[in-house]
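Please go through the structure below with this briefing alongside. The points are grouped by topic.

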4 protein chains.
Amino acid sequence: MVGNSFGQAFRITTAGESHGPGNVVIIDGVPPGIPISVEDLLVDLNRRKPGQSKIVTQRKEADHPEILSGVFEGITTGTSLAILIRNEDQRSKDYGDIKDKYRPGHADYTYDAKYGFRDYRGGGRSSARETNVRVAAGVVAKKILATAFSGRIVGYVTQVGHLKAEIADPTLITADQVEQFSDGSLNPVRCPDHDLARQMIEFIDQVRKEGDSIGGVAEIVAINVPAGLGEPVFDKLKADIAKALFSIPAVLGVEYGSGFGCATMRGSQNNDHFIAEAGEDAPIITTDTNRHGGSLGGISTGQPLVFRAAVKPTSSLLIEQPTVTKQGEPTTIRTKGRHDPCLLPRFVPIAEAMIAITLADHWLRWRAQCEAAPNRTHND
Amino acid sequence: MVGNSFGQAFRITTAGESHGPGNVVIIDGVPPGIPISVEDLLVDLNRRKPGQSKIVTQRKEADHPEILSGVFEGITTGTSLAILIRNEDQRSKDYGDIKDKYRPGHADYTYDAKYGFRDYRGGGRSSARETNVRVAAGVVAKKILATAFSGRIVGYVTQVGHLKAEIADPTLITADQVEQFSDGSLNPVRCPDHDLARQMIEFIDQVRKEGDSIGGVAEIVAINVPAGLGEPVFDKLKADIAKALFSIPAVLGVEYGSGFGCATMRGSQNNDHFIAEAGEDAPIITTDTNRHGGSLGGISTGQPLVFRAAVKPTSSLLIEQPTVTKQGEPTTIRTKGRHDPCLLPRFVPIAEAMIAITLADHWLRWRAQCEAAPNRTHND
Amino acid sequence: MVGNSFGQAFRITTAGESHGPGNVVIIDGVPPGIPISVEDLLVDLNRRKPGQSKIVTQRKEADHPEILSGVFEGITTGTSLAILIRNEDQRSKDYGDIKDKYRPGHADYTYDAKYGFRDYRGGGRSSARETNVRVAAGVVAKKILATAFSGRIVGYVTQVGHLKAEIADPTLITADQVEQFSDGSLNPVRCPDHDLARQMIEFIDQVRKEGDSIGGVAEIVAINVPAGLGEPVFDKLKADIAKALFSIPAVLGVEYGSGFGCATMRGSQNNDHFIAEAGEDAPIITTDTNRHGGSLGGISTGQPLVFRAAVKPTSSLLIEQPTVTKQGEPTTIRTKGRHDPCLLPRFVPIAEAMIAITLADHWLRWRAQCEAAPNRTHND
Amino acid sequence: MVGNSFGQAFRITTAGESHGPGNVVIIDGVPPGIPISVEDLLVDLNRRKPGQSKIVTQRKEADHPEILSGVFEGITTGTSLAILIRNEDQRSKDYGDIKDKYRPGHADYTYDAKYGFRDYRGGGRSSARETNVRVAAGVVAKKILATAFSGRIVGYVTQVGHLKAEIADPTLITADQVEQFSDGSLNPVRCPDHDLARQMIEFIDQVRKEGDSIGGVAEIVAINVPAGLGEPVFDKLKADIAKALFSIPAVLGVEYGSGFGCATMRGSQNNDHFIAEAGEDAPIITTDTNRHGGSLGGISTGQPLVFRAAVKPTSSLLIEQPTVTKQGEPTTIRTKGRHDPCLLPRFVPIAEAMIAITLADHWLRWRAQCEAAPNRTHND
């Protein structure tokens, strides 16, 4: 029942399957007056697109968006904005193999259990294909953040298998550093530590050749977010961002700030201390360190938001795996198709989009309530 | 704006502050016909209550609930159920110290930034005091799960600082094992490894004496959850449970199944394999292992749901900490009051409650949609 | 499932029954910084209260509200605001009569059909008793409207049975005119045409003596509402106000502007014409007439909002009425209790409250989206 | 903010404008296993389509739907179902006239006031063009009602200007009687009183020739709806249906059962009496009359639901009307385009769709909660 919407004041609703005509998103709550073009959407869609490098799936999808509504003469109108991305690479093939066999790690069995049957041509609604329209919606959200408070979101890969980058200061990582090497060539793995990135690429390629896959971790940083976003109790900013990230296929863990590392820390170690920096009119309150990852009491502090997500190794393997048929008979399965040997490189723009959407939603929610307060203005 | 509700088909809405008259929850969507009494509520409220052992805060709160509506002659009516828990321990004291100083790790600053001012007598709405009505609502949710599918939820502490329990099989942990030692005495730390539990207690007591605090990890397991709960895309079961857990104060990380450990795993290692077990009428599909933590494609598989949450060390310390005043002047602060040296023991019933509420919600959501399918019945 | 909340950005959630401990409302989304006191709440609660005059029910209820949260030192904090009103007049009596008999016009049968059983001591959740907390929430909403744009809401009775007032200009009706006669004495029927009011009072009293009841119509006007409130398509302002009014017990019809009268009108008669009035900086666009009742395309035009609701005669009668028992056996019923011979006088403050709540919600929703537009400010 | 969704358990979200690429609806919460085809959708789309007779607008639109997702091999999958209807008749023309002039009765001014600017090529999002996807969604909803409880919805026109039909028993009206005359020819005005229908047609044609338009009333009846649908307090069935109808452009009034007529009635006249009819296992409780229009306490009684809506005369006129420009300068306007001289004939399928959607939503909501009650089953 009704699980295809996300957000309250800025809300996206999606539909579409991997082997249907296409995917569509309706974005409700977009402020009027923001310039949006197909070209804008393509920037991030191309970062998520299959076939962008040798270490991602070679499935062919143009992922070309059509804006169906909500934009007039290149500017958002304030009414609901719909974007359609048609599927192209729907090869005619024999689905017999996956029609009756439950692929390990996939949602084949759970969809059957839930709905009584399923679109057996692929992952259907559970396929990560649906994330393309999320990325498109994320571009709209990023525009709102940029307009409202010069907000920026930078995501990158920090770990692939045993290869783990040490990022001294997440706020110094630039989009350029993530997307390309210093010689301007594509950095297909999106790890800002370029030496490690080259090792990751080699490692992923090796895993791919073995017909296997490998997990990893991505970190996403949101910069310039003002103090005040997030709601008390259930809709804490950290809670909504966690939900946003866990809504992405293959995410098994989310943490922010000191994260799971806090388990071994004492309060005297983990607490950041408030300090005052000189401001134009009044001192600006901030903290000396950012172990709190930009959120206290579920509300943004003005420090960068720093979240990490653990992404499991792709479940589809060229290696033969044991499983059962729908009828419960033992069998084996090998995924012949093209798949990502490591999900992390393409995960980055999806995670960025979901965080951007969450922040746009909370920004509008904050404005609704606190801008309506007597004698109150924000200095954005 | 509107952050005080959780759930769609089973929805809780709360209000209340640490130093106000009390906390209240309205539960909407309760099925009619379920027996609920104040005594039922007290079972879990007493597990969350301050002062239950020497290793938790000594604040005195009776936490006695009053059922205001929705129950007639001991049975739920199906209309909205409200529970009120009055605050008692509102010591008259000089708040001068925390009125103007920002406590490190607390929401004092962010509430000021968001709302322009705050109830300076304590954490106000950001205080974990509000979780008492969540626990009360969790009891109602647990009743629904028990009635619907003999669902049970067992939470326990697995880590306090460097002391980390190895739980071979989470599904074997019993509530008794968590709550008491084999001699029947209270297990105040709620770690089912009793030898380790005794070390944890000693360690927490030592940390307390040092005026400091310590973090940890809790694991929560839901058993007998049928395959089929959870919605595609945004309202994946894992996403809603993650939000539920991150909505609890002090949670910095959440993972399920192989969690962050998946980053170093290959697909061939991480995938569980489907197997068939003999069933009464037809084979029952399940998996040989449970690295997927009971959820595939965001939908429950019938295997136990296994989630872990990292909880930071309490921010309030007897140790003096540097901070600034509201005006930005450097100062120091020492929390004189009573606080938990380790949040984990009292965290367990809160986390159980939030998972129970999420599952009750998804159970009702599933029934709404899939029970309405032609020619479809569930065998519960 | 989950029918006890109203509103999106300003949301009220209620619980409580006629014969339970009391009613409670949680208001979510209240802007911070608004002064609210128990005395403020009492103004409208006293207008809704039983026993205020001889032509309303003589049930005794103090209807004294307790603010449980969300207000600190007399000012709203921005966090969820809860108000509790305890029931007092729960006479111990023999419910045998209504326990098994279905009262005509009441929800006894439908509650049994829906939930399988019901609180047989009275209307339970279907009793209009629950509207007391709506009125309390309405006071908070009215404060928001007054603060934001000097918004005012004036409701009054236009018809009781065959007695129908002709209101030449709804915007000229004052609250004083509604509440009292020119000599300062109470106008218990709340009709601003004082001659007709006196006839209505006499008529209602006569109907009461006959053991019967009488229907009527109320008109509610909202003044100073700026152009721009209301959302396209489903959440049109007219649609949300209509829902708000229809959510009140006994309402059988709602219309605005020319209402049902439009059926016999031509476009050339019904259309209002846009005109320009001199403004400070720029001309102010308005209309020459207000047959559109303040709403075009579902969005407020700046003209007064003018809505009317038809309220059925009270179903409880002293006259004996035929009915059946729960088991289907024919019987008769006479409501011995105290009831309103005409619902209209007490309906007025409830309808005002629901419209105020709807407008506060739409005001906040508008601010969320349109205040976030680049280069846009509102001049309030 | 976020006004483009309707429903909770069965929810539709729409996007699209009159002069954009097309309209799209995402339907969330569709039960799996229901057969749906493009042909099914066309039945009602053709009843709403422009150009179907001489008394409706002659705009040319094929209104051909494409199902984008949620249907596999002709059967709903349970995942979100999207339908796209492209616009075709987007004549290239000079919009100069309406670009700067505010059309009386239209949303031109209010959209400008709300958003700061608008798509000036037509009504944009405020155009009734968006209702085509509502009608498509209504077909899906009708299928659910038919499957669940043989539910049927029949709408018809009861009044056009002064021509008013007296419908003795709304439950006897058949769809055939509405759609065609006894000779099988099209009944373009959809009034089941065929003599009056012919007068209406003539009258509308005359009004059209005069360049004017005329209002009217439609009645919509839902049959076989079981007792129990609707939620206490805010989401009363009557309230949600009223919102559904008021969300349709041009609706100025809604009533059900005795409606505004109740104002002159006494309780002893208006109350329906409960009676028992012989049932298979137990007596069936019903009422002797249906002045309550199928709803008591906001919950369906099992009697037919009978709602009426007043629809204003089309605002676009060939007659010249005074107005102002955006800048406030007096001018006149004549709508040269093709318009409906009377909205009622095409209103009927839209109103049916909105009531079907509301009922499907409440049906699923009821099942969620009450099916989950212990020891409870429904006999559908």
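The model is predicted: local features need pLDDT of at least 70, side-chain atom pairs count only at pLDDT 80 or more, and totals for chains, interfaces and linings use all residues. Residues are numbered from 1 along each chain as its sequence is written, chains are lettered from A and ligands numbered from 1 in the order in which they are written, and side-chain values use heavy atoms, with hydrogens and water left out.

**Interface of chains A and B**

- Chain A contributes 115 residues to the contact and chain B contributes 115 residues, where contact means heavy atoms within 4.5 Å.
- Met1(A), Lys114(A) and Phe234(A) supply 11% of the area that chain A buries against chain B, more than any other three residues.
- About 8600 Å² is buried between chain A and chain B, 62% of it on carbon and sulfur atoms; buried area is the accessible area (1.4 Å probe) that two parts lose on being put together, summed over both.
- The copies meet through the same surface, because 100% of the interface residues of chain A are also interface residues in chain B.

**Annotated positions in chain A**

- An unreviewed UniProt entry gives the annotation "binding site" to Arg125(A), Ser126(A), Ser127(A), Gly297(A), Lys312(A), Pro313(A), Thr314(A), Ser315(A), Ser316(A) and Arg338(A); positions are in the numbering used here, feature names are shortened, and annotations may be inferred rather than shown by experiment.
- These residues are spread over 214 residues of sequence and are also spread in space, up to 44.0 Å between C-alpha atoms.
- Lys312(A) sits in the loop between strand S16 (305-311) and S17 of chain A; helices (H or I, at least four residues) and strands (E, at least two) are DSSP runs, numbered from the N terminus.
- Lys312(A) is buried, with a relative accessible area of 13%; buried means under 20%, exposed over 50%, and partly exposed in between (1.4 Å probe, protein chains only).
- The side chain of Lys312(A) reaches the backbone oxygen of Gly105(A) at 3.1 Å.
- Beyond four places in sequence, the contacts of Lys312(A) include Cys262(B), Asn270(B) and Leu296(B).
- Thr314(A) lies in the loop between S16 and S17 of chain A and is buried at a relative accessible area of 10%.
- Among the contacts of Thr314(A), leaving aside neighbours within four places in sequence, are Ser213(A), His339(A) and Gly267(B).

**Hairpin in chain A**

- Strands S17 (residues 321-324) and S18 (residues 330-333) of chain A pair in the antiparallel sense over four bridges; pairing requires at least two DSSP bridges between the strands.
- Gln321(A) has Ile333(A) in S18(A) as its bridge partner.
- Five residues separate S17(A) and S18(A) in this hairpin, and Gly328(A) in the turn has a positive phi of about 95 degrees.

**Helices in chains C and D**

- His362(C), in helix H9 (residues 344-370) of chain C, counts as buried at 0% relative accessibility.
- The side chain of His362(C) makes a polar contact with the side chain of Asp240(C) at 2.7 Å; a polar contact is a pair of N or O atoms within 3.5 Å, where within protein one must be able to donate a hydrogen and the other to accept it, and residues adjacent in sequence count only if both atoms are side-chain atoms.
- Helix H7 (residues 237-246) of chain D is largely enclosed by the rest of the structure, because ten of its ten residues are buried.
- Lys142(D), in helix H4 (residues 131-149) of chain D, makes a side-chain polar contact with the side chain of Asp44(D) at 2.7 Å.
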